[in-house]
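User: Hello! I am new to this structure and would like to go through it with you, one question at a time.

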Amino acid sequence: MANYEIALDVVFHALADPTRRAVIQRLGKGPATVSELAEPFDMALPSFMKHVRVLESTGLIQSRKIGRIRTCTLERRKLAAAERWFEEQRAIWAMRYDNLDNLLEKLQGEGYES
């Protein structure tokens, strides 16, 4: 459980930044070079590389350098921790809404009207 929470903290920290989320979103379409990933952002390449390093350190992306070109790919299984957390939260809220619906039906059946 502690490892799951640590992994989740690291993933959410990395995804807290809009630049890094945009990189993840772009890599969801397929691998891209660092230059391609950096193009939409108004920042120097060294600053952009800090975002790439954060994403690499969390394991959300991997990069491979061939010659002078570094290509990044998305590591989808690292996003699984965040996806699993959202699924758990969604199930909890669905159960709460079901309970509320049942309570409202019961109250209406007992003659309580607002």
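Analyst: Welcome! A definition to begin with: two strands count as paired if DSSP finds at least two bridges between them. Please keep in mind that this is a predicted model.

User: How many bridges join strand E2 to E3?

Analyst: Strand E2 covers residues 61-66, and it runs antiparallel to E3. The number of bridges joining E2 to E3 is six.

User: Which residue takes a positive phi in the hairpin of E2 and E3?

Analyst: The hairpin of E2 and E3 has two residues between the strands. The positive phi there is near 65°, and it belongs to glycine 67.

User: Which side chain meets arginine 77 in a salt bridge?

Analyst: Side chains of opposite charge can pair when their charged atoms come close. A search of the whole structure finds one salt bridge. Its N to O distance is 3.3 Å, and the side chain meeting arginine 77 is that of glutamate 75.

User: Is glutamate 75 buried or exposed?

Analyst: Arginine 77 has a relative accessible area of 61%, so it is exposed. For glutamate 75 the value is 14%, and the cut-off for buried is under 20%. Glutamate 75 is therefore buried.

User: What is the nearest side chain of opposite charge to aspartate 17?

Analyst: Aspartate 17 lies in the loop between helix H1 (2-15) and helix H2 (18-27). Its relative accessible area is 19%, so aspartate 17 is buried. Aspartate 17 has no salt bridge, because that would need a distance within 4 Å. At 4.5 Å away, the nearest side chain of opposite charge is arginine 20.

User: How far from a polar atom of the side chain of aspartate 17 is the backbone nitrogen of threonine 19?

Analyst: A polar contact needs N or O atoms within 3.5 Å. From the backbone nitrogen of threonine 19 to a polar atom of the aspartate 17 side chain, the distance is 2.8 Å.

User: What is the area of the nonpolar surface patch that includes Leu100?

Analyst: Leucine 100 lies in helix H5 (residues 76-109). With a relative accessible area of 42%, leucine 100 is partly exposed. The patch is made by Ile92, Trp93, Tyr97, Leu100, Leu103 and Leu104, and its area is about 580 Å².

How values were computed: Residues are numbered from 1 along each chain as its sequence is written. This is a predicted model: local features need pLDDT of at least 70, side-chain atom pairs count only at pLDDT 80 or more; totals for chains, interfaces and linings use all residues. Side-chain values use heavy atoms; hydrogens and water are left out. Buried means under 20% relative accessible area, exposed over 50%, partly exposed in between (1.4 Å probe, protein chains only). Helices (H or I, at least four residues) and strands (E, at least two) are DSSP runs, numbered from the N terminus. Lys and Arg count as positive and Asp and Glu as negative; His and the chain ends are not counted. A polar contact is a pair of N or O atoms within 3.5 Å; within protein, one must be able to donate a hydrogen and the other to accept it, and residues adjacent in sequence count only if both atoms are side-chain atoms. Patches are made of residues with over 30% relative accessible area and no salt bridge: like charges are joined within 9 Å, nonpolar side chains (Val, Leu, Ile, Met, Phe, Trp, Tyr) within 5 Å. Accessible areas come from the Shrake-Rupley method with a 1.4 Å probe; for residues, only the protein chains shown count as cover.
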